[in-house]
Amino acid sequence: MDCLFCKIAAGEIPSKKVYEDDKIIAFYDIAPQAQVHGLVIPKDHIADSANDINGDNSSVIAYIFEKIPEIARLMGVASYRIINNCGDKAGQTVKHIHFHILSGDNLSEKLV
Ligand code: 5GP
Ligand code: ZN
């Protein structure tokens, strides 16, 4: 599969890593849309998008959310917004499920 985030997870494409373990990896977005903008992904390509979450893969999704507070701390933020774009019309460009972690002074001006 020709997947950008699989390549980042495998270290084939470099990234500025925030956190990594056997299941997930977090790294800074290459085109930040806030003062702090990280991404957290499962290392395995368990789902293209949130539409593919099911009972067989949801434990990794839960694990991501268990780890997000630590990942946010590592990025130096305690207040942040978590975003998942699901599908083309929602702005999803990389079809490997991922969660944006955004933080900064002006998030209240954004969509939600
Ligand atoms: P999406 O639009 O699918 O919700 O989010 C994909 C994100 O991946 C975008 O915010 C985009 O800037 C980021 N991105 C795309 N290519 C790369 C890359 O090569 N490295 C990193 N670190 N982020 C990337
Ligand atoms: Zn992938």
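**Exercise 1.** Which element provides the largest share of the shell around ligand 1, and how many residues does that element give?

*Solution.* The structure is a predicted model, in which local features need pLDDT of at least 70 and side-chain atom pairs count only at pLDDT 80 or more, while totals for chains, interfaces and linings use all residues. Residues are numbered from 1 along each chain as its sequence is written, chains are lettered from A and ligands numbered from 1 in the order in which they are written, and side-chain values use heavy atoms, with hydrogens and water left out.

Step 1. A residue is near a molecule if one of its heavy atoms lies within 4 Å of it. Of the 16 residues around ligand 1, Tyr 28, Asp 29, Asn 85, Thr 93 and His 100 come nearest.

Step 2. Helices (H or I, at least four residues) and strands (E, at least two) are DSSP runs, numbered from the N terminus. Helix 1 supplies the largest share of the shell, 3 residues.

**Exercise 2.** Identify the polar contacts of ligand 1 (pairs of N or O atoms within 3.5 Å).

*Solution.* Step 1. Asn 85 places a polar side-chain atom 2.9 Å from an oxygen atom of the ligand.

**Exercise 3.** Describe the lining of the largest pocket.

*Solution.* Step 1. On a 1 Å grid over the protein atoms alone, a pocket is an open set of points where a 1.4 Å probe fits, with protein on both sides within 12 Å along at least five of seven lines; lining residues have an atom within 4 Å of a point.

Step 1. The pocket is lined by 28 residues, with Asp 29, Gln 33, His 37, Leu 39 and His 100 nearest its centre.

Step 2. Helix 1 gives the most to this lining, with 3 residues.

How values were computed
Polar contact = N/O pair within 3.5 Å; in protein donor to acceptor, adjacent residues only side chain to side chain.
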